[in-house]
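Subject: Structure handover

Hello,

Here is the structure for your files.

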Amino acid sequence: LLEEVLQSFRKLANERLGIVEVEVFYAQDLSPDEEEDLRARFAELTGNKVEMKFHQEAKLLGGLQARIGSTIYDGSVQGYLERLREQLKAT
């Protein structure tokens, strides 16, 4: 239970400090410059300070996905192919 309490406390503290947690799932290693670019873009997108957590995800073919709360930003190859398939079905 201690881990759950810690996560809840961190979430409340971040909300009060105006910090948004962003989880980034990537296919291939990101350079420090790429990580900093992502940090800057999400700070601009949210209008808040961001705390980034990076996770390598083997199932991604390429690109990356980011999650802020329940919102997912999908810039992965897999996501692109899925959107393309849905567009082709619609026509």
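The notes below go from the whole chain to single residues.

This is a predicted model, in which local features need pLDDT of at least 70, side-chain atom pairs count only at pLDDT 80 or more, and totals for chains, interfaces and linings use all residues. Residues are numbered from 1 along each chain as its sequence is written, and side-chain values use heavy atoms, with hydrogens and water left out.

Overall layout

The protein chain contains three helices and four strands. Both kinds of element are DSSP runs numbered from the N terminus: helices are H or I with at least four residues, strands are E with at least two. Read from the N terminus, the order is α-β-α-β-β-β-α. The radius of gyration is 16 Å, well over the 12 Å that the globule rule gives for 91 residues, so the protein chain is more spread out than a compact globule. That radius is taken over C-alpha atoms, and the rule is 2.2 Å times the number of residues to the power 0.38. Along the principal axes, the C-alpha atoms fill a box of roughly 45 × 30 × 25 Å.

Of the 91 residues, 20% are buried. Buried means under 20% relative accessible area, exposed over 50%, and partly exposed in between (1.4 Å probe, protein chains only). Among contacts with a separation of 6 or more, 66% are between residues 24 or more positions apart; a contact means heavy atoms within 4.5 Å.

The charged side chains number 12 positive and 17 negative, and the centres of the two sets lie 5 Å apart. Lys and Arg count as positive, Asp and Glu as negative, while His and the chain ends are not counted. Each charge is placed at NZ of Lys, CZ of Arg, CG of Asp or CD of Glu.

Strand β4

S76 sits in strand β4 (residues 71-76) and is buried, at 2% relative accessible area. Leaving out residues up to four places away in sequence, S76 touches L60, G62, G63, L64 and Q65.

The count of aromatic pairs is one. Rings of Phe, Tyr and Trp (its six-membered ring) pair if their centres lie within 6.5 Å; planes under 30 degrees apart are stacked, over 60 edge-to-face, and the rest tilted. F42 and Y73 form this edge-to-face pair, at 5.9 Å centre to centre and 65 degrees between the planes. F42 lies in helix α2 (residues 32-46) and Y73 in strand β4, so the pair ties together parts that are 31 residues apart in sequence. F42 is buried, at 9% relative accessible area, whereas Y73 is partly exposed at 35%.

Regards
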